[in-house]
Amino acid sequence: MEKNHIVSLIHSKPKEIDNLYTSNRDAFLNFGKKYGLDYDDLVDIYQEAFIALRKYAISGKLNKVKSSLKTYLFGIGKYMIYDRLKELNKTVNYDTLKKVEDSIEVVPFETENEELTIEQQLLRSHFKKLGKKCQEVLTLFYSRGLTIDEIVECTNYTNNSVVRSQKSRCIKTLKNMIKL
Amino acid sequence: MEHEELIEKYIQNGLTPEEKKVVDHLINADPNFKGNLKAHLNLKKAISASDDDAFKKLLNEIESTHTTKRRNYTKWIVAASIVLLVGLSSILSINNKPSNDELFSSYFEPYRNVIQPIERGNNFQDEKTIAFTAYEKGEYKKAFELFSKLHTSTNEPYYLFYQANALLKLEKAKEAVPLLLKHLKTKDTLTEKSRWYLALAYLKLNNKVEAKKTLKKVLTESTYKTKEANELLKKIK
């Protein structure tokens with residue numbers, strides 16, 4: 001897959017996400033229309049598929065994917081369309097599905113339904129109260145999976161020891177917030 | 001390798017197979033390491049959830065710019081459909097149910113000349129005869145003018161009635177109304193009929209309230225056109 005797109009997904013800069021989201025949106029809605037789902041359903045599915053795509057970018061899975069971002073995104077979307085159809089009809093009308101011919105290969109996506117533990121929920125709500133700098137460095141490290149060196153590259157921190165100390169200070173603040 | 005570094009790599013899925021074995025061993029052998037790793041995994045889970053929320057919010061914001069465009073578009077479609085529907089329904093209702101104007105046309109007929117019998121071939125014609133001849137011939141403009149003149153000179157109330165009839169035929173219902181009201185105050189053989197023509201004048205003016213009120217009076221106060229008055233009352237929209 002396009003390396004620059006993967007980077008865009010990981011870093012999630014609003015402008016780049018907007019470009020990626022918007023450039024594939026209408027084509028996807030058109031693609032999904034064939035399955036007989038309505039506009040609102042398809043918009044929801046497109047968003048879900050896009051979120052899933054980003055998860056795969058972060059986990060490193062997309063690095064091994066050979067198809068383009070668009071094909072892969074549509075593949076996830078197609079899987080979700082089937083899921084939605086199953087929900088609606090209990091049984092999918094396979095005759096209708098057979099009539100829909102496209103070259104998009106379905107990409108299975110398992111939603112993590114694992115609920116957050118109470119401690120995790122507490123961490124999440126207090127995390128949002130941290131300063132912008134702390135939120136940024138912790139997000140880059142824990143959620144986006146960037147290494148300390150990569151964080152130095154994409155931020156204003158001068159070297160990795162500054163990043164490390166900033167990170168431990170932020171974790172300490174967060175832990176203290178929970179204890180209170 | 002330091003424990004911290006191992007945990008870091010574990011969090012970021014960056015462990016080599018050998019390092020993975022070390023971590024698995026430490027989880028079982030070192031409760032401290034296990035607790036520390038768990039704390040970092042909790043952070044990962046919580047911060048990822050928060051990051052996901054923010055990303056969803058971003059997508060919603062992006063989507064809303066598209067949806068607003070569509071909503072505006074939809075709004076136009078809806079507005080256009082309403083205009084079309086209103087247009088269609090008025091066309092249909094004209095077809096199904098006549099408008100008040102059409103009701104007027106189907107019920108209105110100038111009252112016949114009962115005043116001046118016209119004798120054909122009579123060369124001598126006074127003004128009165130000329131007026132009613134014009135009226136009978138359908139020359140309503142001429143008739144109206146002559147009736148006005150005659151009314152001024154003779155003050156005969158029935159000229160008011162025929163003036164109004166001529167005006168109604170000329171589609172000047174607005175001018176006919178005061179003449180009919182004036183005529184109603186007089187007592188002559190045609191006064192009874194005036195009420196019916198007044199109702200039609202109101203109908204022509206699309207004054208439904210007065211038209212209905214007057215028609216009810218036609219029903220209660222006269223014997224002229226009561227059947228028609230009854231029908232009309234039901235048909236007026």
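Predicted model: local features only at pLDDT ≥ 70, side-chain atom pairs only at ≥ 80, totals over all residues.
Residues are numbered from 1 along each chain as its sequence is written, and chains are lettered from A and ligands numbered from 1 in the order in which they are written.

Of the 237 residues in chain B, 24% are buried, a residue being buried if 20 or more other C-beta atoms, placed from the backbone, lie within 10 Å of its own. Among the contacts in chain B with a separation of 6 or more, 42% join residues 24 or more positions apart; two residues are in contact if their C-beta atoms, placed from the backbone, lie within 7 Å.

Between the chains, the contact takes 20 residues from chain B and 28 residues from chain A. On the side of chain B that touches chain A, helix 3 (residues 31–96) gives the most, with 17 residues. That side divides into nine nonpolar, six polar and five charged residues, where Ala, Val, Leu, Ile, Met, Phe, Trp, Tyr, Cys and Pro count as nonpolar, Asp, Glu, Lys and Arg as charged, and the others, Gly among them, as polar.

Definitions and conventions. Helix = DSSP H or I, 4+ residues; strand = E, 2+ residues; numbered from the N terminus. Buried ≥ 20, exposed ≤ 12 C-beta atoms within 10 Å, placed from the backbone.
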